[in-house]
Amino acid sequence: PQVLSTKAGPRAGAQSGTLMDITRRLFDATRDRRIVEMRYFSAASNRAKSYLVEPYRLALAQGGLYLIAWVPQYTAFRTFAAERIERLSVTDHTFKRTRDLPENLFGASMGVFWGEPVRVCVEFEPEIVQYVRTRVWHDSQQIEDRPDGRLRVTLQVSNDWALRSWLLGFGAAVRVLEPPALMKTIADELARAHARYF
């Protein structure tokens with residue numbers, strides 16, 4: 001401790017007995033290809049919903065455990081945070097894995113989301129250039145020094161909550177150059193934040 005210390009990043013809340021039990025049952029269901037019924041609190045809609053899913057994979061990412069499951073109701077894969085599963089029942093029904101998941105599940109995201117990558121170009125103010133330059137924010141990043149001291153960073157990432165949160169975390173020290181839809185989203189969010197204070 002006098003030579004080296006560590007600090008954990010954001011992570012799921014305290015490991016309660018309920019979460020440990022859900023994790024164990026999710027592991028068994030995924031391994032045995034058993035259909036799962038669950039009640040899940042959706043952050044996107046801010047309410048709990050019931051799902052019937054085919055569990056394909058469990059992933060540890062950014063301090064949390066995530067279930068990647070095929071949801072027949074949506075005919076799509078969805079990602080579920082284990083700590084937001086309120087109730088879980090593993091059924092006796094099995095399923096066949098007829099769909100493939102990529103090896104790098106969240107590779108196009110700066111977080112734990114799915115989405116097609118788009119070209120994102122941002123410019124950082126001189127006062128934080130050294131900090132930005134010394135980090136690898138995403139494997140796709142390309143950096144370019146600008147004559148005025150700014151740093152331009154280009155990424156191929158999905159336009160999701162993780163990207164927007166990352167950008168907003170820099171406040172006025174970053175400006176989105178493209179795509180236009182992301183520029184508008186960030187500007188709208190900053191205007192809403194400003195309105196809360198004034």
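Visitor: Leaving out residues up to four places away in sequence, which residues does alanine 61 touch?

Guide: Keep in mind that this is a predicted model. Alanine 61, which is found in strand β2, touches Tyr66, Phe106 and Val112.

Visitor: Why is alanine 61 called buried?

Guide: Buried means under 20% relative accessible area. Alanine 61 has 17%, so buried is the word for it.

Visitor: How far is alanine 61 from glycine 111, in sequence and in space?

Guide: They're 50 residues apart in sequence and 8.3 Å apart in space, C-alpha to C-alpha.

Visitor: Which residues of α1 are buried?

Guide: Leu19, Ile22, Leu26, Ala29 and Thr30. They cover an arc of only 95° around the axis, so they sit on the same side of α1. As for partners, the buried residues of α1 pack against β1, β2, β3 and β5.

Visitor: Why does threonine 30 count as buried?

Guide: Its relative accessible area is 9%, and the cut-off is under 20%, so threonine 30 is buried. Leaving aside neighbours within four places in sequence, threonine 30 is in contact with Pro55, Tyr56, Arg57, Leu58, Leu67 and Arg97.

Visitor: What lies 2.8 Å from a polar atom of the side chain of threonine 30?

Guide: The backbone oxygen of leucine 26.

Visitor: How do you know that the buried residues of α3 line one face?

Guide: The buried ones in α3 (residues 161-168) are Ala162, Leu163, Trp166 and Leu167. Seen down the axis, they fall within an arc of 130°, so they line one face of the helix. They pack against β6, β8, β9 and α4.

Visitor: Which residue caps the N-terminal end of α3?

Guide: Aspartate 160 does, with a side-chain oxygen 3.1 Å from the backbone nitrogen of alanine 162.

Visitor: How many aromatic pairs are there?

Guide: The structure holds 18 of them. One of these is phenylalanine 113 with tryptophan 161, at 6.4 Å centre to centre and 55° between the planes.

Visitor: Why is that pair called tilted?

Guide: Under 30 degrees would be stacked and over 60 edge-to-face, so 55° lands in the remaining class, tilted. The two residues are 48 residues apart: phenylalanine 113 is in the loop between β5 and β6, while tryptophan 161 is in helix α3.

Visitor: What makes tryptophan 161 exposed?

Guide: Its relative accessibility is 55%, and exposed means over 50%, so the label applies. Phenylalanine 113, at 31%, counts as partly exposed.

Visitor: And why is the pair of tyrosine 131 and tryptophan 137 edge-to-face?

Guide: Their planes are 65° apart and the cut-off is over 60, so edge-to-face is the class. The centres are 5.7 Å apart.

Visitor: What makes arginine 97 count as sitting over the ring of tyrosine 56?

Guide: For distance, the charged end is 5.8 Å from the ring centre, and the limit is within 6 Å. Arginine 99 lies over the face of tryptophan 70, at 3.7 Å from the ring centre. Ring pairs link Tyr56 and Trp70 into a cluster with other residues, including Tyr66 and Phe106.

Definitions and conventions
Residues are numbered from 1 along each chain as its sequence is written. This is a predicted model: local features need pLDDT of at least 70, side-chain atom pairs count only at pLDDT 80 or more; totals for chains, interfaces and linings use all residues. Side-chain values use heavy atoms; hydrogens and water are left out. Buried means under 20% relative accessible area, exposed over 50%, partly exposed in between (1.4 Å probe, protein chains only). Helices (H or I, at least four residues) and strands (E, at least two) are DSSP runs, numbered from the N terminus. The arc is that of the directions from the helix axis to the C-beta atoms. Contact means heavy atoms within 4.5 Å. A polar contact is a pair of N or O atoms within 3.5 Å; within protein, one must be able to donate a hydrogen and the other to accept it, and residues adjacent in sequence count only if both atoms are side-chain atoms. Rings of Phe, Tyr and Trp (its six-membered ring) pair if their centres lie within 6.5 Å; planes under 30 degrees apart count as stacked, over 60 as edge-to-face and the rest as tilted. A charge sits over a ring if NZ of Lys or CZ of Arg is within 6 Å of the ring centre and within 35 degrees of the ring normal.
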